[in-house]
Amino acid sequence: MDVAHCYLEGNADAVEFCPHDGYQHVLAASTYTLKEGEQPIRAGSISLFDVNAEKGNLELFHREHTAGIFDIKWSTVGSNVGPLLAQADADGYLRIYSLEGCCNEEKPRGGFLNEVCGEKISSSMCLFLDWNPTATSISVGLSDGSVSITTLAESKIEKLQEWKAHDFELWTSCFDIHQPQLVYTGSDDCKFKCWDMRDNPSRMVFQNSKVHKMGVCCIAKSPTDPNTILTGLVLAACMHNGFAIVKIGDEKPEVFEAYGQHGSLAYGADWQRAKLLPGGSTIVATCSFYDRLLRVWRPKSDFCCI
């Protein structure tokens, strides 16, 4: 069931609910827009919304203009830091923002993003990022097929390692939440790889080049099963085929629910980590690229999100 929607000022490519206690009603959305000309400009923005699904409200309370953004991620819960939002952009920068001001579940009051640090880590574009479980390191996928491992300490970003992992754009990287010395990567070369960072440069543990018929754009480790890795995710943005919720278990994964209310490329998807509605139903946010549309909706059937 649709809760609310709005149009962003640029091409929408990522949405992220803040997972931290007291801020789980905050939704971040990012954009990437190519302005062509003799000197092309890749522009973007981060917008923060207050989501009140019970009242059907999606209220913008902050917008930050940036370079064109390919990915955003909130810092992991359980670390020793508050809500931090990391940005990977087209200028090769990794930027970290803190969410400041007083927020509650009724209404953000003075909440805004403050840039903690930013570092140009590559001459290539930064396409994807992932925090490690302790929010002390970030892996970044680059457009030249490399992956960069950075560390965040005392409000400073430092590059620890960088190596050529794939032949084409590296669209996803993921730390193993059970074995954080391992990082997984996926690319337009249709290969899925695992690397051990205890070696420098990192050593490839395995690669799979037979399962995927198209580029590998998303990887996630199951939080409940240390032996399961998901490519595609259980909430999937399926480009031309809209969005889908996939049920996983002991048997073969199956599509649990499809959502087709977007008229453009399905690019970003996330769900709230807290059940804030009466009855405990889950809320999902999705965005589509060319029509700049952001939607917040409630699945027809309740399920337990990861």
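The model is predicted, with local features taken at pLDDT of at least 70 and side-chain atom pairs at pLDDT 80 or more, while totals for chains, interfaces and linings use all residues. Residues are numbered from 1 along each chain as its sequence is written, and side-chain values rest on heavy atoms, leaving out hydrogens and water.

Going through the whole structure turns up 9 aromatic pairs (rings of Phe, Tyr and Trp, the last by its six-membered ring, with centres within 6.5 Å; planes under 30 degrees apart are stacked, over 60 edge-to-face, and the rest tilted). Phe192 and Phe206 make an edge-to-face pair, because their planes stand at 70° with the ring centres 5.7 Å apart. Phe192 belongs to strand S16 (residues 192-196) and Phe206 to strand S17 (residues 203-208), so the pair ties together parts 14 residues apart in sequence; strands here are DSSP runs of E, at least two residues long, numbered from the N terminus. Phe192 is buried at 9% relative accessible area, whereas Phe206, at 32%, is partly exposed (buried is under 20%, exposed over 50%, partly exposed in between, with a 1.4 Å probe and protein chains only).

Phe289 and Tyr290 also pair edge-to-face, at 4.9 Å centre to centre and 85° between planes. Phe289 is buried at 9%, but Tyr290 is exposed at 57%. Elsewhere, Tyr32, Phe70 and Trp171 come together as one aromatic cluster.

Then there are the charges. Lys73 has its charged end over the ring of Phe128, 4.1 Å from the centre, and Arg95 lies over the face of Tyr93 at 4.3 Å from the ring centre. The criterion is NZ of Lys or CZ of Arg within 6 Å of the ring centre and within 35 degrees of the ring normal.

Definitions and conventions: Helices (H or I, at least four residues) and strands (E, at least two) are DSSP runs, numbered from the N terminus.
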